[in-house]
Amino acid sequence: MSAESIARPSQTRRPTDDTSRGTTIGQRLLASPEGYLTGFIVLVWIFLSIRSDVFLTERNIGVLLSQVALIAITGFGMTLLMIAREVDLSVGSMQAFVGVLAMQSLNRWPYLLVGIAVAILLGVIVGLINSGLTLKLGITSFIVTLAMMQILRGAAYTSTSAAVQNDHKLSSFKRVFNGAIIEDPVRIPWPVAIMAFFFVLFSLIVAKTTFGRSLYALGSNPEAAALSGIHVWRLKTICFVITSALAGLSAFMLIARMNSGQNNAGFGFELQVIGAVLLGGASLAGGKGTILGTFLATLLLGSLNNGITLMGYNPNWQWAVTGIIILIAVLLDSVRRRVTQES
Amino acid sequence: MTKKSLWHGWTARLALAMVALLALGQIAVAQDATPEAGGPTEAQLAGDAVVRSLDPSAPPEGWTIPAKVGHVTNYLVHEWYQNLTKGEQARADEWGIEFTINDANLDLTKSLAAVDDFLSQGIDVLNFTPVNEEASGPKITEAAATGIPIICESSPTDGCTTLVSIDDYAAGFKVGVWAGDYVNENLDGNAVILDIGLPALSTTVARSQGFIDGITSVLGENATVAQSVDGNGLKDQAVQVSADALTAHPDVNVIFGINDDSALGGMQSYEAAGLDMDQLLVVGFGCEGNACKDALMEGGPYKVSAAMFPEYQGRLLIDAGIAALNGTELPAHTIAPSTPITADNLADFYTHDGEEYTANFDAIAALSIEGES
Amino acid sequence: MSAPPTDTNQTPLLEMRAISKTFPGVVALDSMDFVLLPGEVHALIGENGAGKSTMIKIISGLYQPDSGEMLIDGDPVSFRGPADSIARRIKVVYQELDLVPGLSVGENVYLGAYPKKGGRVDWETLYGNTRELLDGLGLSIDPRTPVGELRVAEQQLVEIARALSQDARIVVMDEPTSALSTEEVDRLFRLIERLQERGVGVLYVTHKLDEIYRIADRVTVVRDGKHVVTTEISKTRPHDLVTWMVGRELTALFPKSTVERGPVLLQATDVSGEGIEHFDLTVHSGEIVGLFGLLGAGINTVARILFGASERTGGAIVLDGSTIKPNSPADAMEKGMGLLTENRKDDGLVLPMSVRDNMTLASLRQFARLSWLDSRNESEAATGFVERLSIRTPSLRQRVQFLSGGNQQKVLMARWLMRDPKILILAEPTRGIDVGSKAEIYRLMDEMAQRGLGIVFMSTEIPEILGIADRILVMREGRVTAEFDRSEATQEKLVQAAAVDPETSEAA
């Protein structure tokens with residue numbers, strides 16, 4: 001009996017590469033977090049540009065994007081980490097810890113590169129400690145980085161009882177946040193350029209490399225990933241280190257912005273970052289999330305905060321509106337999941 | 001699969017809630033304060049005068065000097081408390097008192113437990129900074145029942161013998177008047193104000209209100225508040241909100257901050273926005289640290305701050321305790337001195353020696369405390 | 001087999017009339033008719049994706065039909081959710097258990113309906129009643145044991161005990177025996193007979209034809225969402241059932257060709273690990289070595305130890321001349337080994353990822369230059385395997401979780417075949433998949449052996465081991481107790497070797 005004659009299914013057809021998704025605009029917007037975040041952003045921007053003359057000015061958009069940059073840059077790392085089913089709560093304290101030490105280093109050795117190198121190096125070290133404790137001791141990263149958050153905050157306070165002032169007076173220093181990479185035809189501030197660079201870099205890494213693919217597999221099903229030859233701990237370590245290094249870079253941009261290293265900087269920063277990453281489509285259960293989603297989420301939250309201040313609303317609304325947006329997004333997400341799961 | 005994701009869903013939510021609680025706990029730095037209504041009696045005024053004139057080298061005859069004084073602080077890592085307790089320690093040394101600090105680190109439970117610890121250690125006077133004034137009331141009332149004086153700092157609490165703190169509104173008003181005069185002389189008499197406040201706390205709201213009333217008392221209708229924003233008392237957040245506000249109001253020429261970080265953060269955003277620093281006046285509050293003093297001396301737009309002299313307040317705290325222990329009647333609010341501090345008078349109050357600034361207590365003590373400028 | 005209730009004039013417990021249910025792009029049920037009578041065991045069979053699951057979900061109230069009518073006791077009903085279904089005393093025992101692992105057996109059995117006394121839970125009654133129920137099932141489980149500590153098979157029986165406690169009139173069982181041992185299956189069947197005596201209608205969904213003949217009165221075959229036939233089981237031959245299910249004549253389930261045995265590829269000597277002692281195995285090129293054992297005999301542990309996924313404490317494994325490091329799947333893969341695990345959803349598939357991405361997961365480097373993935377290359381390779389393995393999927397981008405069990409298993413086989421391995425270990429590759437897909441998996445195994453692969457085929461089901469393996473090792477309590485050549489192996493010998501302690505049998 002030849003093998004060919006046996007039980008060939010009747011309906012096999014050549015598989016296609018297409019995705020037959022919804023066709024109406026509404027369906028497309030609902031189809032992914034990126035879709036409905038874009039929808040939200042368009043609505044918010046239309047509303048704000050009608051209500052405020054200054055919203056759509058080059059200066060305000062520059063301010064808005066520069067502010068978004070700090071959260072987004074750390075958020076890109078956090079996205080990788082959360083795809084891998086881990087989280088880092090210490091990125092907020094990093095803003096204080098790294099900021100204080102980087103400023104002290106700059107005061108001692110007044111070269112811009114020294115400050116940047118110190119900031120990123122500290123990030124790498126903290127990332128290695130976070131990953132080491134999480135992976136070697138098998139404690140969840142939530143707890144490890146919660147402890148790290150307290151330790152770094154304490155270290156920031158211990159290393160200085162006050163803010164570390166800019167004593168080096170490097171002229172290039174303030175430009176890290178306030179300068180522009182180009183002025184014509186549009187002004188692109190440095191933080192925006194740095195954010196754009198990492199956006200492109202990590203979008204490609206996540207979508208187009210073996211690293212990105214392995215990351216999603218590892219987050220969705222660690223056991224299956226390990227049995228497919230993926231080095232789980234190596235990948236996770238890389239994610240921890242990238243997140244902390246980016247948080248360090250963001251801390252450096254923050255001290256350039258404040259012109260001092262504040263030991264009380266970055267309170268609630270980790271919440272803003274994790275909130276944005278979740279809003280962008282990631283999940284604490286891992287395996288989900290995109291760089292674009294994280295960027296759009298930070299942009300949306302940043303636009304709302306900017307708009308609330310521009311229009312002179314009670315600033316306390318910033319908290320409430322952020323919460324409401326996250327709730328709406330979660331709601332839309334569950335609707336979307338119900339729709340896709342039935343198909 | 002379903003079970004798993006459900007479980008993850010719950011941990012996720014729980015985790016977020018925990019993070020949120022933690023963050024909120026750390027952000028809520030201080031607490032409300034409501035200034036006492038009704039003036040002090042003559043006896044209390046006399047007692048107040050006694051506190052201010054105590055001298056360790058010549059203690060009043062027959063007075064008992066306490067052996068042990070303990071201070072339950074709220075948030076020792078802050079520069080304010082660092083300098084305040086430094087002042088207390090120095091004064092305690094002068095009197096020969098054993099002085100101990102127990103910090104609550106913003107934790108109410110810890111704060112109340114620290115009170116019990118001190119009581120069982122047999123302290124003679126308790127200095128107390130509440131984490132939350134209402135929640136601390138019962139414990140302090142209970143502690144007061146043991147008969148020891150309780151000298152509160154920063155916010156009034158039930159059971160306190162007296163509260164030692166500045167009059168936030170009056171201090172704001174004075175610095176507001178100073179700013180009004182400056183605007184008249186240097187900025188064409190028109191003030192467009194960005195107020196970087198902290199609306200969650202009554203003391204900081206009083207500071208903003210005092211400032212606005214003060215500057216308005218000089219400039220009248222020529223003083224307008226372009227916007228009040230919430231900087232949460234933190235420099236990074238102050239920079240953030242003021243950057244937004246300044247794009248909407250580039251005509252701002254006076255920035256007021258409820259503390260030095262808020263004011264300095266606003267100044268940073270103003271500079272980053274590329275606006276003319278010569279046309280700006282920045283007004284801070286507290287001047288407890290070097291950042292403010294350095295900024296004043298730099299000669300930039302940061303011209304004035306409502307100085308709160310934490311070192312001197314520390315001295316008052318110790319002296320008030322000694323007076324109370326010896327039966328002196330004290331007013332509900334022992335008002336600590338505050339004055340607009342500028343590049344011109346900084347040297348009167350602080351001696352600059354390398355990195356350090358040392359407070360000149362005689363000059364501070366000589367400041368009028370009744371609110372007249 | 002009990003007497004079938006042939007009196008079709010009695011009011012059906014459950015009746016479906018022309019029920020249709022469509023999902024975007026798929027007609028899951030197409031004008032389906034179905035009748036369940038009181039006191040009957042009614043088997044429902046069909047290939048995966050034929051519409052059985054949709055039917056169950058409509059009966060349980062999880063899905064609402066697009067058209068058609070459903071009647072309970074002759075009354076038309078429309079369920080808005082599972083609560084409505086439960087209110088009509090319908091109990092569905094799912095293949096994927098919905099027990100709460102942290103709660104005790106008793107708490108699970110009475111979940112949501114704790115017996116109460118004076119407003120407080122009456123633990124005595126709860127555990128007492130559970131004890132009785134479990135005794136009835138012949139289970140010696142302590143009702144206070146947390147469910148999470150039980151084996152899957154035991155959990156399944158607890159789930160069934162729960163059905164009993166709820167006094168259901170219609171019980172739907174979705175592949176209840178997939179994780180049960182022979183003995184446990186016997187218990188289950190006795191239980192079903194008791195349900196039957198009480199007039200309960202049992203809808204029994206299964207892939208195992210032999211079970212149907214043991215327990216069912218009538219059988220309904222579905223294919224492509226349509227009702228094919230309903231008939232009394234005594235009047236049909238298994239061959240007819242298979243033909244109805246796959247829609248054509250199925251000529252041979254086990255396409256075993258004779259392959260010249262090549263050189264030794266895999267040599268495992270004195271391997272030990274958790275529960276495994278002195279395990280020896282030799283696999284030649286072109287050879288399919290069957291590893292048979294009852295549940296708990298350790299065959300799946302052996303699979304994981306060989307691959308490095310579970311700890312190896314001793315012994316040596318040599319693959320084609322090179323020694324494999326212990327506890328390193330990466331090394332085993334590097335040297336040419338592949339492992340298709342027993343639980344494809346737990347440690348095989350990445351459910352939310354696409355068919356293509358699941359296939360290429362173990363060979364990403366092959367499709368990458370400087371770790372940059374060439375997705376066109378990937379798609380081409382995946383398309384090739386979809387065709388070669390006849391994987392039914394609407395597109396390469398389809399999430400693998402929406403594929404049927406058989407097709408999911410083939411995706412995993414493709415994952416390993418892409419690496420062009422020398423040795424492939426298949427642990428229970430046909431569990432829970434339909435007969436048509438099984439035949440295809442056997443065909444593939446045969447084809448791979450012809451190409452010179454060495455295959456280790458682990459199974460707890462005798463017919464497939466006998467049908468496809470060249471050589472059969474039998475395991476019992478972590479040790480190999482017997483070895484048979486294909487020509488000499490019989491069902492009796494295997495059962496004997498797997499179930500009886502060799503020392504006592506030798507003594508006897």
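Reply: Start with a definition: a crossing is right-handed if the near helix is turned clockwise from the far one by less than a right angle, and left-handed if anticlockwise. The model is predicted: local features need pLDDT of at least 70, side-chain atom pairs count only at pLDDT 80 or more, and totals for chains, interfaces and linings use all residues. Residues are numbered from 1 along each chain as its sequence is written, while chains are lettered from A and ligands numbered from 1 in the order in which they are written.

Me: Which crossing do H3(A) and H12(A) make?
Reply: H3(A) passes H12(A) in a right-handed crossing. Helices are DSSP runs of H or I, at least four residues; strands are runs of E, at least two.

Me: Why are H3(A) and H12(A) called oblique?
Reply: Their axes cross at roughly 60 degrees. Angles under 35 degrees count as roughly parallel, over 145 as roughly antiparallel, 65 to 115 as roughly perpendicular and the rest as oblique. H3(A) and H12(A) are therefore oblique to each other. The axes come within 9 Å.

Me: What makes up the contact of H3(A) with H12(A), by residue class?
Reply: It divides into 7 nonpolar, 4 polar and no charged residues. Ala, Val, Leu, Ile, Met, Phe, Trp, Tyr, Cys and Pro count as nonpolar, Asp, Glu, Lys and Arg as charged, and the others, Gly among them, as polar.

Me: In which sense do strands S9 and S10 of chain B pair?
Reply: They pair in the parallel sense over 5 bridges. Pairing takes at least two bridges found by DSSP. The bridge partner of B:Val283 is B:Val304 in S10(B).

Conventions
Axes fitted to C-alpha atoms, helices over the stretch in contact; angles between N-to-C directions.
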